[in-house]
Amino acid sequence: MHPDMKFIFNQHFDFALEYPWLVDGMETEGLFSASSWGSAYLQPWNDPWWWGPQYDKARKLHDWYGIPIIVAEYADPWSGRAYQLHDAIANQGFVPYITNDSWNITGRALWTDPNW
């Protein structure tokens, strides 16, 4: 009934890997800040317990099925940290979105600078 409807899932990597034809995009949060594993900051693959496996699943969805991976991170969009996160995410071929934890400001994303 709605052939133009798109489905973007939030961190349902296992579902998406099982049924990739049903997934138009995947969103995840905090993947590159990896706050629970210090050496995984900007390099989530360095965390063997949580962020590394999440990154591996995101990588598979992106590489095997061409599914866009949207990575939301929380930092002041004009800060140096936001630039680091943005570049690290974009360098992996994922779609960065850096905003505050309330999502109530325009964030930094691909080809988008905050407008404030």
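## Strand pairing and the sheet

Two strands are taken to pair if DSSP finds at least two bridges between them. In this predicted model, strand E2 (residues 25–29) and strand E3 (residues 69–74) are joined by 4 bridges and run parallel. Within this pairing, Glu 29 stands opposite Ala 72 in E3.

The sheet as a whole is open and consists of 5 strands in the order E1-E2-E3-E4-E5, with mixed pairing. Its edges are formed by strand E1 (8–10) and strand E5 (108–109), each of which pairs on one side only. Strands of a sheet pair through backbone hydrogen bonds, in either a parallel or an antiparallel manner.

## Nonpolar core

The largest nonpolar core comprises 23 residues. Those with the most contacts inside this core are Met 26, Leu 31, Phe 32, Leu 61, Ile 69, Val 71 and Phe 94. Two or more residues are contributed to the core by each of helix H1 (13–18), helix H2 (51–65), E3 and H3. In soluble globular proteins, nonpolar side chains tend to be buried together.

When neighbours within four places in sequence are set aside, Leu 61 is in contact with Phe 13, Ala 16, Leu 17, Met 26, Gly 66, Ile 67 and Ile 69. Two of these partners, Met 26 and Ile 69, are themselves listed among the core residues with the most contacts.

## Aromatic pairs

The model contains 10 aromatic pairs. In one of them, the ring centres of Phe 9 and Phe 15 are 5.2 Å apart and the planes meet at 40°, so the pair is classed as tilted. Phe 15 has a relative accessibility of 31% and therefore counts as partly exposed, the class between 20% and 50%. Both rings belong to a cluster in which ring pairs link Phe 7, Phe 9, Phe 15, Tyr 19 and Trp 21.

A further tilted pair is formed by Trp 45 and Tyr 55, with 5.0 Å from centre to centre and 55° between the planes. This pair links distant parts of the chain: Trp 45 is in the loop between E2 and H2, whereas Tyr 55 is in helix H2, 10 residues apart. The two partners fall into separate accessibility classes. Trp 45, at 36% relative accessibility, counts as partly exposed, while Tyr 55 has a relative accessible area of 6% and is therefore buried, under the 20% limit.

How values were computed. Residues numbered from 1 in each chain as written. Predicted model: local features only at pLDDT ≥ 70, side-chain atom pairs only at ≥ 80, totals over all residues. Heavy atoms only, no water. Core = buried A, V, L, I, M, F, W, Y, C linked by side-chain atoms within 4.5 Å. Buried < 20%, exposed > 50% of the residue type's maximum accessible area, 1.4 Å probe, protein only. Contact = heavy atoms within 4.5 Å. Phe/Tyr/Trp six-rings, centres within 6.5 Å; stacked < 30°, edge-to-face > 60°.
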